[in-house]
Structure formats: C-alpha cells, structure tokens
Amino acid sequence: MGEKLRVAVLGAGRWAESAHIPGWQRDPRCEIVVICDPVVENARAFAGQFGIPYYTGDWQEAVARADVDIVDVVTPSHTHFELSWAALEAGKHVLCEKPVAYDFRQTLRAADLAKSKGLKTKLGFTFRYSPGVLYAREMIDQGFVGTPFIFNGYEQNSQWLDPQTPLRQVFVDADQSVIQTSSLEGYGAPIIDIGHWWVGADYSRVVGTMKNFIPERMVRATGTMMRMNIDDGDIFIHEYTNGAIGSIQTSFVTIGNYP
Ligand SMILES: NC(=O)c1ccc[n+]([C@@H]2O[C@H](COP(=O)([O-])OP(=O)(O)OC[C@H]3O[C@@H](n4cnc5c(N)ncnc54)[C@H](O)[C@@H]3O)[C@@H](O)[C@H]2O)c1
C-alpha cells in the first residue's frame with residue numbers, strides 16, 4: 001500500500017464525532033491530520049479525544065495546508081458550499097455532508113469544478129450502506145424486482161416534535177418570512193438519493209408542498225425560543241426521466257418511525 005491519504009476534518013460537532021472521524025480512523029488507508037472548528041475548544045477537545053496531531057479555528061488555514069489530500073466538510077449546512085468550493089479550488093478531494101448548497105446550480109458548478117481538476121467528491125449518503133438498502137439494490141440488479149415503476153419513500157419520526165428540543169443545523173439569521181428547507185434537506189436527501197439509485201434516473205418533474213407546523217422552537221445556537229420558519233414536514237410526487245414515478249414524505253414532527 002502507498003502513502004496514506006491525509007484528511008482535514010472541518011467541524012468538530014455531533015456528526016463528526018459519531019460518524020465521520022470514527023469512519024476515517026477505521027480505514028488504514030487514511031489519517032486525519034487536522035481538525036478545525038471556529039469554536040477552538042471543540043477542535044482542541046476532538047484532537048485530544050481522537051489523537052489528531054493538529055487543531056485550528058481557521059478553516060482557510062486547514063484547507064490550504066500542503067499536507068492535506070482530502071477535506072471533509074461536516075459543518076452546519078449553510079457553510080457547506082463555501083468550504084467545499086474553497087477546498088476544490090485548493091486542489092483537495094472533498095467529502096461533503098448534504099446539502100452541498102441550497103441552489104442545485106451551485107452544486108452542479110462545484111461538480112464541474114471538481115471534474116475540471118480531476119478531483120473526487122462524495123456526499124454523506126450513509127443510508128446507501130445499510131444492509132436492507134444494499135439488499136434491495138441487489139434484488140433490482142439481479143432482476144428479481146423487474147423494472148422499478150414506482151418508488152415511495154418515507155423518512156419521518158418525532159425527533160423535533162417537542163419545541164423545547166434544541167434545534168441545531170439551522171441558520172438563525174435566515175429571513176423568517178420565507179420557509180427554509182429543513183426536513184426536506186435533512187430527512188429527504190437520503191431518501192431522494194436512494195430513489196435515484198434504485199430507479200436509476202434523475203427527476204424530470206416534481207410537485208409538492210413544504211409545511212411549518214411548529215412556529216417557535218428552542219434553538220441551540222442562541223439558547224432561546226425563536227421563530228423558525230422551517231419545513232418540519234413535506235410531501236411531493238415526482239416523475240423520473242426514465243418514466244418511473246414516485247412520492248416522498250418526510251417529517252420530524254410525526255409520531256412513529258419510518259424507517
Ligand atoms: N448524512 C447524515 O445522515 C447526517 C446526519 C447528521 C448530520 N448530518 C449533517 O452533518 C452536518 C453537521 O451536523 P452536526 O449535527 O454535526 O452539527 P453540529 O452543529 O453539532 O456541528 C457542526 C460544527 O461545525 C462547526 N463549524 C461551523 N462553521 C465552521 C467552519 N467554517 N469550519 C469548521 N467548522 C465549522 C460548528 O462550530 C460546530 O461545532 C450538517 O450539515 C448535517 O446536515 C448528516
């Protein structure tokens with residue numbers, strides 16, 4: 001085996017701690033060389049907890065380092081595009097948490113930039129690797145299912161049904177007169193991805209609705225109850241470019257867990 005791939009992890013938060021950092025460290029082909037968080041105490045704590053040799057509060061410094069091959073963006077969603085774009089411009093491969101951007105055209109631009117520089121990119125679509133999802137795909141590949149005509153996807157639970165449960169991953173300075181994607185992005189993205197993967201086609205047409213059921217919530221970043229105009233439930237139907245059709249429903253304010 002050649003030299004190890006050297007990783008800079010941006011974001012010393014919950015998901016980095018439980019998924020990304022343990023994932024990189026399980027693979028002997030990689031090593032994390034820097035952990036970065038503007039809350040420097042968090043970066044320092046993770047450096048100690050995971051034995052990472054260097055920490056910083058400055059993401060630009062982390063991205064510019066010559067000894068970094070891969071940048072792992074596991075920061076709040078509204079920062080993903082700026083950080084991923086800068087990493088690609090600096091010639092690094094990028095693993096980015098979803099969503100890359102709130103406007104799909106920016107995501108396509110980033111994909112083009114990566115392609116033009118011969119860089120690899122990947123999204124944090126972990127559900128693809130769950131045994132049931134892999135098995136279903138295997139049954140499609142083997143022809144057991146036949147041609148998929150209809151894909152129905154649900155991801156819903158009661159995680160933020162209680163308005164006192166501190167909400168994270170929200171942009172507190174967002175214009176609250178306009179609904180912000182939340183459940184559709186957080187819960188919808190993996191299901192939308194699985195649908196694309198199983199059906200083997202992009203969307204051609206979509207119609208749906210996003211709804212804010214719980215107007216005021218405890219926000220972790222401010223520690224106060226705040227108006228948060230986010231979609232905490234949504235439903236849409238769609239057509240795929242190959243003629244299949246589908247429906248998606250996501251919510252984090254429903255009783256019962258699907259899956
Ligand atoms: N794929 C999945 O199944 C899945 C699951 C959970 C979370 N996520 C995604 O992971 C991302 C992080 O979620 P989380 O729960 O860990 O959030 P979190 O708020 O716990 O952690 C994010 C960390 O990033 C830091 N940060 C902010 N700006 C930064 C910057 N410019 N550079 C470096 N660090 C910065 C914050 O200080 C914070 O410590 C979100 O985009 C979320 O949607 C994905």
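First, a word on terms: helices are DSSP runs of H or I with at least four residues, strands are runs of E with at least two, and both are numbered from the N terminus. On that count, the protein chain has eight helices and twelve strands. Keep in mind that this is a predicted model.

Now the overall shape. The C-alpha atoms fill a box of roughly 50 × 50 × 30 Å along the principal axes. For 259 residues, a compact globule would have a radius of gyration near 18 Å, and the protein chain has 19 Å, so the two agree. Buried residues make up 43% of the 259. And take the contacts between residues at least 6 apart in sequence: 68% of them join residues at least 24 apart.

Next, helix H4. Find residues 80–89. The buried ones are His-80, Phe-81, Leu-83, Ser-84, Trp-85, Ala-86, Ala-87 and Leu-88. What do they pack against? Strands S1, S4, S5 and S6, plus helices H3 and H5. Just after H4 comes Gly-91, with a positive phi of about 85 degrees.

Let's stay with one of those partners, H5. Two packed helices are described by the angle between their axes and the distance between the axes. H4 and H5, residues 104–116, pack at about 15 degrees, with axes 10 Å apart. Angles under 35 degrees count as roughly parallel, and H4 and H5 are therefore roughly parallel to each other. The crossing is left-handed. Which residues make the contact? From H4, they are Phe-81, Trp-85, Leu-88 and Glu-89. From H5, they are Gln-106, Arg-109, Ala-110, Leu-113 and Ala-114. That divides into six nonpolar, one polar and two charged.

Why might such residues sit a few places apart? An α-helix has 3.6 residues a turn, so residues three or four places apart point the same way.

Last, a second pair. Helix H1, residues 14–26, and helix H2, residues 40–50, have axes that come within 12 Å and cross at roughly 45 degrees. That makes H1 oblique to H2. This crossing is right-handed. Ala-16, Glu-17, Ile-21, Pro-22 and Gln-25 of H1 meet Phe-46, Gln-49 and Phe-50 of H2.

Notes
Residues are numbered from 1 along each chain as its sequence is written. This is a predicted model: local features need pLDDT of at least 70, side-chain atom pairs count only at pLDDT 80 or more; totals for chains, interfaces and linings use all residues. Side-chain values use heavy atoms; hydrogens and water are left out. Axes are lines fitted to C-alpha atoms, for helices over the stretch in contact, and angles run from 0 to 180 degrees between N-to-C directions. Angles under 35 degrees count as roughly parallel, over 145 as roughly antiparallel, 65 to 115 as roughly perpendicular and the rest as oblique. A crossing is left-handed if the near helix is turned anticlockwise from the far one by less than a right angle, and right-handed if clockwise. Contact means heavy atoms within 4.5 Å. Ala, Val, Leu, Ile, Met, Phe, Trp, Tyr, Cys and Pro count as nonpolar, Asp, Glu, Lys and Arg as charged, and the others, Gly among them, as polar. The radius of gyration is taken over C-alpha atoms; the globule rule is 2.2 Å times the number of residues to the power 0.38. Buried means under 20% relative accessible area, exposed over 50%, partly exposed in between (1.4 Å probe, protein chains only).
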